[in-house]
Amino acid sequence: MTRRARITLRSGEAGDAPKLHALIVANQAEGHLLPRSLPELVQHATRFVVAVRNRRIVGCAELAPLSTQVAEVRSLAVHQTARGQGVGTMLVNELRTRARHGGYDRLCAFTHAPGYFMPMGFSIVPHLWVAEKVYTDCVKCPQFRRCGQYAMVLPLEHLADTAEPDALFAARHA
């Protein structure tokens, strides 16, 4: 039995943008994500958390501020060889921690797979409950009013400061 190399998380860097783009494009081709341009990813690379195994990026997610109260989980993507290993959950948990430390009240996600986010505490809400997203991004999208994505929200104020870092430590060092 071979043991898989450990997955670590780190902040994204501008130099990661081509690899992030490739990972997002691969997931987009499977119908999981909306498109992101390479220049946009270069500009926002530092907002990403990347999952690395053997010096190779196997997952990513962006913490995108929508307002002073709301941040979004954006471009959550996991390489097909790393799926089913908790990488996406690790990424979302790290974004949740960063959002809390950044002073946000809520973390949102827009997704075709609400069942993925529900075990992490997200709830489906009407799109207009995340008006910051609708009026900045959705209205410009060619799929507006027919995209089929669910708006999901996780209130951050109810999360205990003491329990979360222990859970994250365990997930990172498993």
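**Words and the numbers behind them**

Analyst: Let's start with Met 118, which lies in the loop between α4 (114–117) and β6 (123–125). Keep in mind that this is a predicted model.

User: Why is Met 118 called partly exposed?

Analyst: Its relative accessibility is 42%. Buried would need under 20% and exposed over 50%. Met 118 therefore counts as partly exposed.

User: How do you know whether α3 is enclosed or open?

Analyst: Count its buried residues: eleven of the 15, so α3 is largely enclosed by the rest of the structure. Among them are Val 87, Gly 88 and Leu 91, but also Asn 93, Glu 94 and Arg 96.

User: And how do you know that the span of α3 agrees with what a helix should have?

Analyst: The expected span is 1.5 Å times one less than the number of residues. For the 15 residues of α3 that gives 21 Å, and the end C-alpha atoms are 21 Å apart, so the two agree. After α3 comes Gly 103, with a positive phi near 85 degrees.

User: What makes up the largest nonpolar core?

Analyst: That core has 27 residues, and Val 73, Leu 91, Leu 107, Phe 117 and Phe 122 touch the most other members. Elements that each supply at least two residues include β3 (56–65), β4 (70–78) and β5 (106–111). The largest share, six residues, comes from α3.

User: Which residues does Phe 122 contact, leaving aside neighbours within four places in sequence?

Analyst: Val 73, Val 92, Leu 107, Cys 108, Ala 109, Phe 117, Met 152, Val 153 and Leu 154. Contact here means heavy atoms within 4.5 Å.

User: How many helices and strands does the protein have?

Analyst: Six helices and seven strands, in the order β-α-α-β-β-β-α-β-α-β-α-β-α. Of its 174 residues, 43% count as buried.

Definitions and conventions. Residues are numbered from 1 along each chain as its sequence is written. This is a predicted model: local features need pLDDT of at least 70, side-chain atom pairs count only at pLDDT 80 or more; totals for chains, interfaces and linings use all residues. Side-chain values use heavy atoms; hydrogens and water are left out. A nonpolar core is a set of buried Ala, Val, Leu, Ile, Met, Phe, Trp, Tyr and Cys residues joined through side-chain atoms within 4.5 Å. Buried means under 20% relative accessible area, exposed over 50%, partly exposed in between (1.4 Å probe, protein chains only). Helices (H or I, at least four residues) and strands (E, at least two) are DSSP runs, numbered from the N terminus.
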